[in-house]
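Thanks for coming. I will go through one model today, from the overall fold down to single residues. Please have a look at it first.

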Amino acid sequence: MLVSVNPRWLGLAASVLLATSGFLAGKPVPRDGAWLLGVIVWFVALAMLIRAWWTLRDATDQRGLLVTAALWSVPLLVAPPLGSHDIYAYACQGQLFDAGSDLYEVGPAALPCTWLSDVPELWRETPTPYGPLWIAVEGAAAWLAHGSLPAAVLLLRLAAVLGLVLCVAAVHRLSRGNALLAASPLVLVHVVSGAHNDVVLAGLVLAGFVAARRPGFAAAAASGLAFGLAVAVKVTALGAVPFALLLVFFAGTTRARWTSTLTFGVTIGATYALLAVLTGHGLGFLHALGSTSTMVQWLSIPTGVGMAVGYVLRLLGHPESFATAVAVARAVGLLALAVILLGLWWRTATTLASLKRAAHPGGAPINSGSATGPEPGGSVTTGRDATADRATASSATGGVTGGDAADGVTGGAADGGATGRRAQDVVLTAAGCGMLAAAVLGPVFYAWYAIAGIALLAGTTLTGRLRTVVLVAAAGLPLLTLPDSLGLATKTKVPGAFLDVALVTAAAVHLVRRRRRSAPPPTAHSTQGTPAVSGPATD
C-alpha cells in the first residue's frame, strides 16, 4: 500500500539529501567510497525532488508555491555548490578585479587567486566573458569576503537569489502565474546552489519587458536601462533586445513611436558605456567569448551532429577531419539560429501589426512604409482592407478580433495605451523560444544556459505542449551533471552525438509533413475551359 506524502515535505527531504551529496561528492577528488555514496544520494535526491515538484504542477496557489520554493532553498544555501564550480571562478575573478587586473586579458592564475585550486581548470587561465556589471558584483563579493571562500560563495548566492526575486516579481506583473518554476530542480541546483549569473540576466531582461509594455519616453528609457544592465551581465541578453524593441515600438502613439524606440536603444548603449567607464572593462570580453568552444560535447545540437559526422569519417580512415566536421556543423548551427531568430522576430512584428490594424481599422498607420496615400484628416491608409487585417489578427491570436484585439494590443485609453496581454504573450513567447534556440544551437550548451529562456516563457500564459516542454526541461536538466560538476555528456559522447542526428532528422521530417499539411489544396480547373463547379464530393 503506497503512502501518500505531502510534496512540500518530500521536496524538503530531497533538498536536504542534495545538500548532503554536496558534502560527500562536491569535490572532484578524491573519488573514493564517500564520493560514490554522494553520487548515489545525488540521483536519489533528484528523483525525489522531481517527483515532489511534478506533483505540484497543477497547483494554483502562487503564494504557496513561492513559500515552497523558499523552504526547499534553505538547505542548499549552506551546502557546497552543486552541479558546477563556476561560482569559485566568479570569486577569483572578483579578486582579480579588486587587485586592478584586466579581467579581459588574464585569468585567475595570474594573481594567483587565493582559491585557485577550487576553480575549474577551464577557467584558471581564461579571461572572463562577462560584462562590467557582473565583474563589479564579483569584485564586491570578493572584497566583502576578506579572503573567506564560504563568505564569497554566500555573497554570490545572495546576488543570484536577488536575481531570482526580480524574476518572480516581473513574472507576477506579466502573467500572475508560473510561480512553480521558482521551485524547479533547475532553479534550486543552478541558481540557489550554483549561483549562475544567468538568473541575474533573466531578472533584468524581464524587468525590461515589464517597462516596455508602457508607452512614453520614461518607460522606453526604463526598459533600455534594464536591458543595458542585463547586457552588462552577459552579452547573450542582446538576443532579447529586438523583441523588446517591438513592444516599445507598438506601445507608443504613432507620433512618439520612433522617438521612444530611439530612446530605448540609446539608453541601452549609454548604460553599458557608463558601466564600462566606471569599471574599466568595456568590450574586451569579446576575446573570451569562444573560451568554452574548446569543449566538444553533444548537448549542443550542432556540435553533436558534427561529432557524429566526425566519428563516421574516423571509421572511413579520416580521423583528421573530426575537428573540421565539428567546426562546419557549428557554423551551420549558427546560420540556422540566425534564420530562426529572424523568422521569430518577423512573425512577431507582423502579428503585432495585424493586431494593431484590427484594433484601429482606418486609423493611424503602423509605419509609413505600408502607406499608400493620405486619408482625410491627415491619417494614412495601410493599403489593406480593414476586414483582411482583422482576419490576419484573428488567425495570429487565436480568433480574437474587434474589441478583444483592441484590449490585446493597446489596452485602451484607460491605461495610457499600454501594450496588452495578448501582444505581450506573443512577444515574450518569441523571445523565450529565441533564447532557448540560442542556447541549444550555440557551440556549447550547459543546463543553466536555459534559465533565461525559461524565465521569459514564465512571463507568458504557458499552456499546452510548450508548457510541457518547459516543465520537462526545468525538471530534467540538473540530471546532466554530477554534484562535483562532472558533465555526463563527456562520458556519453558517441551515443549522444547520434541522438542529436536522430533529433535533427525527426525535426526535419516533422517540418516537411507540417508544411505539406498546411499547403492549400490544388484548385480544380475544367478541362473544357469553363469554370469548375464546386460541390459535395461523390463516389
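How many helices and strands does the protein chain have? There are 20 helices and 0 strands in the protein chain. Helices (H or I, at least four residues) and strands (E, at least two) are DSSP runs, numbered from the N terminus.

Some ground rules. This is a predicted model, where local features need pLDDT of at least 70, side-chain atom pairs count only at pLDDT 80 or more, and totals for chains, interfaces and linings use all residues. Residues are numbered from 1 along each chain as its sequence is written, and side-chain values use heavy atoms, with hydrogens and water left out.

Now the totals. The protein chain has 539 residues, of which 47% count as buried. Buried means under 20% relative accessible area, exposed means over 50%, and partly exposed is in between, with a 1.4 Å probe and protein chains only. Of the contacts in the protein chain with a separation of 6 or more, 75% are between residues 24 or more positions apart. A contact here is heavy atoms within 4.5 Å.

Next, the annotation. An unreviewed UniProt entry carries the annotation "transmembrane region" for several spans, including residues 186–211 and 435–457. UniProt positions are given in the numbering used here, feature names are shortened, and annotations may be inferred rather than shown by experiment. In the model, residues 186–211 are 85% helix and 0% strand, with the end C-alpha atoms 27 Å apart. For residues 435–457 the figures are 61% helix and 0% strand, and there the end C-alpha atoms lie 10 Å apart.

On to burial. Helix H11, residues 241–251, is mostly covered, with 9 of its 11 residues buried. Among the buried ones are Phe-243, Leu-247, Phe-249 and Phe-250.

Gln-424 sits in helix H17, residues 421–441. Is Gln-424 buried or exposed? Gln-424 counts as buried because its relative accessibility is 2%. A polar atom of the Gln-424 side chain lies 2.7 Å from the backbone oxygen of Leu-174.

At the surface, Val-312, Leu-316, Val-494, Phe-498 and Val-501 form a nonpolar patch with about 400 Å² of accessible area together. Patches are made of residues with over 30% relative accessible area and no salt bridge; like charges are joined within 9 Å, and nonpolar side chains (Val, Leu, Ile, Met, Phe, Trp, Tyr) within 5 Å. Helix H20, residues 493–518, gives the largest share of the nonpolar patch, 3 residues.

Now the salt bridges. A salt bridge is a side-chain nitrogen of Lys or Arg within 4 Å of a carboxyl oxygen of Asp or Glu. The count by this rule is 3 salt bridges.

Asp-118 and Lys-27 meet through their side chains at 2.5 Å, N to O. Asp-118 is in the loop between H4 and H5 and Lys-27 in the loop between H1 and H2, 91 residues apart, so this pair links distant parts of the chain. Let me restate that one more plainly: Asp-118 and Lys-27 are 91 residues apart, and the pair links distant parts of the chain. Asp-118 counts as buried because its relative accessibility is 18%.

In the second salt bridge, the side chains of Asp-484 and Arg-31 meet at 3.1 Å, N to O. Asp-484 lies in the loop between H19 and H20 and Arg-31 in the loop between H1 and H2, so the pair ties together parts that are 453 residues apart in sequence. Asp-484 is buried, at 2% relative accessibility, while Arg-31 is partly exposed at 46%.

The side chains of Asp-198 and Lys-234 also meet in a salt bridge, at 2.9 Å, N to O. Asp-198 lies in helix H9 and Lys-234 in the loop between H10 and H11, so parts that are 36 residues apart in sequence are tied together. Asp-198 counts as buried at 5% relative accessibility, and Lys-234 counts as buried at 12%.

Last, the backbone. Most residues other than glycine have a negative phi, and most peptide bonds are trans. Which residues does a cis peptide bond join? Leu-111 and Pro-112 are joined by one, with omega about -10°. Pro-112 is in the loop between helix H4 and helix H5.

His-146, not a glycine, has a positive phi of about 50°. His-146 is in the loop between H6 and H7, and is exposed, with a relative accessible area of 68%. Arg-176 also has a positive phi, near 55°. Arg-176 is in the loop between H7 and H8 and counts as exposed at 54% relative accessibility.

Note on methods. Polar contact = N/O pair within 3.5 Å; in protein donor to acceptor, adjacent residues only side chain to side chain. Areas by Shrake-Rupley, 256 points an atom, 1.4 Å probe, with all protein chains shown as cover.
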